[in-house]
Amino acid sequence: MRRFARTLTTVALVATAIAGTAGWASGNAQEAVTGAPAGTGAWRAAGLPDPERMGPAEVARYFAGLSPVRQRELARTHPTVVGNLDGAPLELRYEANERSARGEFGGARVLALDPRGRGQVALVYGDLARAEHVAVIVPGSDVDAGHVRPLADMASALRRATGGRTAVVAWAGYTTPVGVGLDAATGRLAEAGAGRLTRFADGLAAVGAAEPSVFCHSYGSVVCGLAARDLKAKDLVVFGSPGMRAENVAELGTSARVWAAKDPTDWIDRIPNVEFAGLGHGTDPTDPAFGARRIPADDATGHGGYFAAGTGSLRAFAAIAEGDVR
């Protein structure tokens, strides 16, 4: 009977994941974008060091050994590589990516812009090099370089809530699920995203940026849960989370403080918090048994309302980003 009950729970999970909250939603299977940046073939052919054989710290040392003139030459001739190399100088990456972005992302500076697949992008609000505090926001489904506005709005709201004192990165740096379907119910895309997020944070450390607080929305919290053990972060903040692929905070294996928020109207609450046969993402991080620090979110609305002006969740997020809570 127990096994039968677990099977029924799994069926319920899949049905809920596919059905979503308002009628049927479709989810098209996505192919995760991984590996070296676009243009790496030409970079290697020019006799330059293989990006896949260098970690961010090695990338930082390589560029430190180049003259400013040579650095800018590489940014001009290989912009898609330099612009996406974690560990390369920040200003050089901004310069390289602007050649492709051409002002497309408004007032944000573009720290990464990968044209492959649906496109990936990392947008920076504030002075990442000098800010005492840094926040990185990891999105859930349906976000990519062409559909980044909801994520950018979160980043702008958090920066305003900190009085402009925190540099905020809107990190759409992995292949997200499309719609609500099997991609969103499994960890396949999150596993690929976790490696990219870890490398991105290593890149921030390599260029001397402050250790970030990482805010993880919806499926993005699955990415953060899988990355947690190796992720250089002082805080992990999950909201609207279907689970982190862990039964409790201890299983995450992180020294970061772990926070969780879920408002009472968030449809994610209808998703069964189980993990079975590769489906589902485990314990609800707002469950007291999980062991995360609970963030009040009673005045937020829906799945995307956590950064709305005046909400307690946004005030708490800002305090965490600025290191004002213990």
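Trainee: So is helix H10 buried or exposed?
Mentor: Of the 8 residues of H10 (residues 220–227), 7 are buried, so the helix is largely enclosed by the rest of the structure. Buried means under 20% relative accessible area with a 1.4 Å probe, protein chains only. Helices are DSSP runs of H or I with at least four residues, and strands are E runs of at least two, numbered from the N terminus. This is a predicted model, where local features need pLDDT of at least 70 and side-chain atom pairs count only at 80 or more, while totals for chains, interfaces and linings use all residues. Residues are numbered from 1 along each chain as its sequence is written, and side-chain values use heavy atoms, leaving out hydrogens and water.

Trainee: Which residues of H10 are the buried ones?
Mentor: Gly220, Ser221, Val222, Val223, Cys224, Gly225 and Ala227.

Trainee: And what do they pack against?
Mentor: Strands E3 (133–138), E5 (212–217) and E6 (235–239), plus helices H9 and H11 (249–252). Contact here means heavy atoms within 4.5 Å.

Trainee: How do the axes of H9 and H10 cross?
Mentor: They come within 8 Å and cross at roughly 65°. Axes are lines fitted to C-alpha atoms, for helices over the stretch in contact, with angles from 0 to 180 degrees between N-to-C directions. H9 brings Ala190, Glu191, Gly193, Ala194, Leu197 and Thr198 to the contact, and H10 brings Val222, Val223, Cys224, Leu226 and Ala227.

Trainee: Switching topic: what's the strand order in the sheet?
Mentor: This open sheet of 8 strands runs E1-E2-E4-E3-E5-E6-E7-E8, with mixed pairing. Two strands pair if DSSP finds at least two bridges between them. E1 (109–114) and E8 (293–294) are the edge strands with a single partner each, so one side of each has no neighbour in the sheet.

Trainee: How many bridges join E5 to E6?
Mentor: There are 5, and the two strands run parallel. Ser213 sits opposite Asp235 of E6.

Trainee: Last one: which residues have the most contacts inside the largest nonpolar core?
Mentor: Leu111, Leu128, Val136, Trp171 and Val214, in a core of 44 residues. Such a core is a set of buried Ala, Val, Leu, Ile, Met, Phe, Trp, Tyr and Cys residues joined through side-chain atoms within 4.5 Å. Helix H9 (residues 188–206) gives the most to this core, 7 residues. Beyond its neighbours within four places in sequence, Val136 touches residues including Trp171, Phe200 and Val214.

Notes
Buried < 20%, exposed > 50% of the residue type's maximum accessible area, 1.4 Å probe, protein only.
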